[in-house]
Amino acid sequence: ASKATFVFKKQNYQLFVLSILVVAIGFILMIGKEDLYSFTKITLAPFVVVVGFALGFVAILYKPKPTKSN
C-alpha cells in the first residue's frame, strides 16, 4: 500500500489560514457607514486586504525545506 502524500505541507496550510484571517481583518476594517472617507476605510483596509492576498500567493508558492524522516 502506498502512503498518500499531500501537495502542500503543514506550513503552507498555516500561511494560507493566516492569509484568510488577514483578508477578513481588512474587510472588517471597511465595515461601517459613518465617516466613509476615513484613513482606515480608504487606505489602511485595502492595503491590509492586498497584503492578505499576497500572503495567499506566498502560501501557495512557498516550498518548505524537506525534513529528515526515519
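Start by selecting Ala-45: helix H2 bends there by about 30°, and a proline, Pro-46, follows within four residues. The bend at a residue is the angle between axes fitted to the seven residues ending there and the seven starting there. What you have open is a predicted model, where local features need pLDDT of at least 70, side-chain atom pairs count only at pLDDT 80 or more, and totals for chains, interfaces and linings use all residues. Residues are numbered from 1 along each chain as its sequence is written, and side-chain values use heavy atoms, with hydrogens and water left out.

**Stop 1: the whole of H2**

Now select residues 39-61. That's H2, with 23 residues, and its first and last C-alphas are 32 Å apart, close to the 33 Å expected at 1.5 Å a residue. The expected span is 1.5 Å times one less than the number of residues. Helices here are DSSP runs (H or I, at least four residues), strands are runs of E (at least two), and both are numbered from the N terminus.

Next, pick out Lys-41, Ala-45, Val-48, Val-49, Gly-52, Gly-56 and Ala-59, the buried residues of H2. Buried means under 20% relative accessible area, exposed over 50%, and partly exposed in between (1.4 Å probe, protein chains only). An α-helix has 3.6 residues a turn, so residues three or four places apart point the same way. Show residues 10-30 too: this is helix H1, part of what covers those buried residues.

**Stop 2: Lys-41**

Zoom in on Lys-41, which sits in H2. Leaving aside neighbours within four places in sequence, Lys-41 is in contact (heavy atoms within 4.5 Å) with residues including Leu-29, Met-30, Asp-35 and Pro-46.

**Stop 3: Asp-35**

Asp-35 is in the loop between H1 and H2. Check its phi: about 50°, positive although this is not a glycine. Most residues other than glycine have a negative phi. Asp-35 counts as exposed, at 54% relative accessibility.

**Stop 4: after H2**

Select Lys-65 in the segment after H2; it is exposed, with a relative accessible area of 72%. Draw a C-alpha to C-alpha distance from Pro-66 to Lys-9: 9.8 Å, for residues 57 apart in sequence.

**Stop 5: zoom out**

The protein chain has two helices and zero strands. Its C-alpha trace spans about 60 × 20 × 15 Å along the principal axes. Of its 70 residues, 20% are buried.
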